[in-house]
Amino acid sequence: MLLPATGAAQIAAPLARPAPAPKTAPTSGKPYTPPKTPDGQPDLQGFWTNSTYVPLERPQGVTKEVYTPAEAEAAMKAAAAREAEQTEPGTTADVHYDFTQFGLDRSQSTVAQSLRTSLIVDPPDGKIPALNAQGQKRAAERAAARKTAGGPYDSVQNMPIGSRCIIMGGSGPPMMNAGYNANYQIVQSPGYVMILTEMIHDVRIIPLDNRPQPASGLRQWVGVSRGHWEGNTLVVETTNFNGKNAFRGGSENMKVTERFTRVADDMIDYKFTIDDPATWDKTWSAQAPLAKTEGPIFEFACHETNYGIANILAGARAEDKQKADPAKKGSN
Amino acid sequence: MRNQFLTRVTVAAIATCVATAVALVTAQTGGYRAPRGPDGKPNLNGIWQAINSANYDIEAHSAAPSPVLELGASGAVPAGLGVVEGGTLPYTPEALKKRNENRANRLKLDPEVKCYLPGVPRATYMPFPFQIIQSQKHIMLIHEYAGAVRTIYMADQTEAPADSWMGWSNGRWEGESLVVDTKGFNDSSWFDRSGNFHSDALHVVERITARSADTLNYEVTVEDPKVFTRPWKMSMPLYRRVEPNAQILEFRCVEFVEDLLYGHLKKPPSQ
Amino acid sequence: MRIRATTIFRVFASFVLFATFVVFVSAQAPSYKVPRTPDGQPDLQGFWSNATYTPLERPDNVSKEFYTPAEAAAVEKAAASRETEQTEPGTTADVHYDFTQFGLDRSQATLARTLRTSLIVDPKNGKLPPITPEGKKILAARAEEAKKLGGRWDSAQANQLDDRCLIMAGSGPPMMDAAYNSNYHIVQAPGYVMILTEMIHDARIIPLDSRPQPSANVRQWVGLSRGHWEGDTLVVETTNFNGKNPFRGSTEHMKVIERLRRVADDTIEYNFTVDDKSMWERAWSAEAVMRKTTGPLFEHACHEGNYGLYNTLVGARLEEQKAAEGAAKKDSK
């Protein structure tokens, strides 16, 4: 039975779309020449998804870089089963609406298939490098700040950034699987590549004209991106992050380099490199394909209907009151 | 021989007709013909912004004090000659009452205060730039304010699959003009800060026409039989942001309104 | 304590005054050809003063339309000496700084002289027309509203508009003598005449292109002006007043028509008609003069330096506090 959604901020429930048959990643063969836009750019346009079961880091106990197709399918099936597991009625987990019923779980969406055991391709062990001394210090400071801020439901600012409808994982950069609605729309015009991330209607407009990065006083959640073509590969460099949504513990001085190459009609090869000497002593990189999916992209008006936050906070305050005065039962 | 002569005459006749038609069209836009993009269509790419006080009040209005005392002149309202053709909005009597209630309670009710998506056409004349990214199948309008996005479908057009804040837009070219037909709005956005509003029956048709290298004519017809007695029009120029390296920056305002919306739900400091 | 100008200087000045009136009367060249701006408008540009001792309405004890030059000079001398009268040390009036010492009194300004006994030329008696019954009601209602504001020192809003640095008499329209710094700067550009009033740096930008008057919902302190040329005369029509700055009692329905015509190198005739049937039974007109003066105009940052308003309010509150404390002391005895 579906309960009204109260726990999550992601209320927007798009219409379920039928999942096309998953395709395998292309093996090397005849080199693919992407079509061109009218102004001569390699054409990356269309609707794409980075929905995937492949984790960023290689799971414990796995040492190889690539699964066999059978192993990959088995890993996917196991993950899908976990995702679709029924929740126990009466538990907190059961309060959340059932993803599967709305077609939001990955098994019902187009998945960008990959045989990799991790998205990370460098370092070769498929794991994020260890934090350096500065990185550790920052992590400790952030943990301390979280402690001072109080409990998770004390104020809206203590809640996850995605629940607050400020920004979600699909935006990046680097652009990560959002968990559901992992959809993008790419539109190109002379001198620009535009990437629209479905959640939360986040647009990066990437200029291709070699303009300089802005001064360090300007900082953004998505940083500031600059792009250029190297042959058929779009290279996008992003700096000027504001540090409030640090990717895996990174600093505001992180530099992200993304490379987009269309390798088939229905696939873009997406690679990213993280360069953040204030956090890691070496760069590290990952590869995550974007698979063609069906449009259109629906409006994700997260903040406008964010009943979740208001209700959670109100509930927490009601609980506080009850704890403080157990005699007054049921009064709000 | 005879066929060739006829062909020549016919071709000449057609050419004259076309030339006249083109002249008529260009006469309407004051004779300006926008350069064509690589897609062969008028090139509307660029970063644009309205310069007027329409976001305060789309009807004619005098300057007025700030609704917030502490802001003083910074929060005060500049005057405006109005962007609504004919001057006054044709509300039904009940709708006019609601507009006036909206206006009296605008600090609490204006969706802009809460950083909600601005709807159409308000997004166009918010005091923030927006960028047009034009491809053959989709023309994107990307607004700096709240990161609002509009996709104008030039192909694969469908009806709105569901209601939304920014509506569902289908576009077509009519000569020099991009005509955008938008439906599928919810009833939650306003036209300005003064309480002018619409219902979910809102239907907006915009015409965007280049009038010079760095300006556009923006004309809007608004129809909403639940609120207005007849359709009405607004129009204004849009100006190109010509400074080098102009770009749309973030105005991610959700963070800025959290205390306003949820501050009263903050846990009080323990005694 | 004020310091007097020397008596000798004053005697010399009054002789020059008389001579100036004689010269003024005979200086009207009938065949003056007004120069043109580059875009062909008659050129009104420059720095002008409308400082004058001539009142709007004819004084009660005067019945003729024009003074003789001698009479005019005498009237001016009398007014000048009243203006520069010394104040009694220790009185409230003495608190104000001495105008004369700063060259601010009219006798030290460029005077826009006229032999007229009043600026009003119509009605012929030189007085404002009778007030309509509606006008009387409006005046009474205004008085009631003013009472609600309480005493002059109860709030900023209870003060005069000029003390609040909102607007002064030189702006108009119609543009009147401001008592000091009655200076204007006129600049013209294709399609526009701009009139800058020194106090309070108030600029009217008058378009000449027959655009329509805007909606009645746009109202301004200086109204909204539209201009056009009739021969060498600039005709400016102004409506859309906001009614917060009544001109001799006018309402927001006032319509002002001004006519500016340069009749000599150093003289602009400034005539105006006021039509406000909500207040007066009929329209009335006045004729004044603007005289070339030396520039430049200085910035009049009135509000930015408005210590006066602030200090008087503080002083009033302190006095109330003292009175309250005094009364409390009495009660406790």
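Buried residues account for 25% of the 333 residues in chain C. The structure is a predicted model. Chain C contains four helices and ten strands, and 62% of its contacts with a separation of 6 or more link residues 24 or more positions apart. The points below describe chain C as a whole and then turn to individual residues in chains A, B and C.

**Overall form of chain C**

- The order of elements along the sequence of chain C is α-β-α-β-α-β-β-β-β-β-β-β-β-α.
- The radius of gyration of chain C is 22 Å, which agrees with the value near 20 Å that a compact globule of 333 residues would have.
- Taken along the principal axes, the box filled by the C-alpha atoms of chain C is roughly 85 × 60 × 40 Å.

**Cis peptide bonds**

- In chain A, the peptide bond that runs from A:G172 to A:P173 is cis, and its omega is near -5°.
- A:P173 is located in the loop between α2 (133-149) and β3 (183-189) of chain A.
- In chain C, a cis peptide bond leads from C:P173 to C:P174, with omega near -5°.
- C:P174 belongs to the loop between α3 (133-148) and β3 (183-189) of chain C.

**Positive phi at B:N245**

- B:N245 is a residue other than glycine with a positive phi, near 65°.
- The loop that holds B:N245 lies between β9 (232-240) and α5 (258-262) of chain B.
- B:N245 counts as exposed because it has 9 C-beta neighbours inside 10 Å, and a residue is exposed at 12 or fewer.

**Positive phi at C:N240**

- C:N240, likewise a residue other than glycine, has a positive phi near 60°.
- In chain C, the loop between β7 (233-239) and β8 (255-264) is the place of C:N240.
- C:N240 counts as buried because it has 21 C-beta neighbours inside 10 Å, and a residue is buried at 20 or more.

**Summary of the local features**

Terms used: Residues numbered from 1 in each chain as written. Chains lettered and ligands numbered in written order. Predicted model: local features only at pLDDT ≥ 70, side-chain atom pairs only at ≥ 80, totals over all residues. Helix = DSSP H or I, 4+ residues; strand = E, 2+ residues; numbered from the N terminus. Rg over C-alpha atoms; globule rule 2.2 N^0.38 Å. Contact = placed C-beta atoms within 7 Å.
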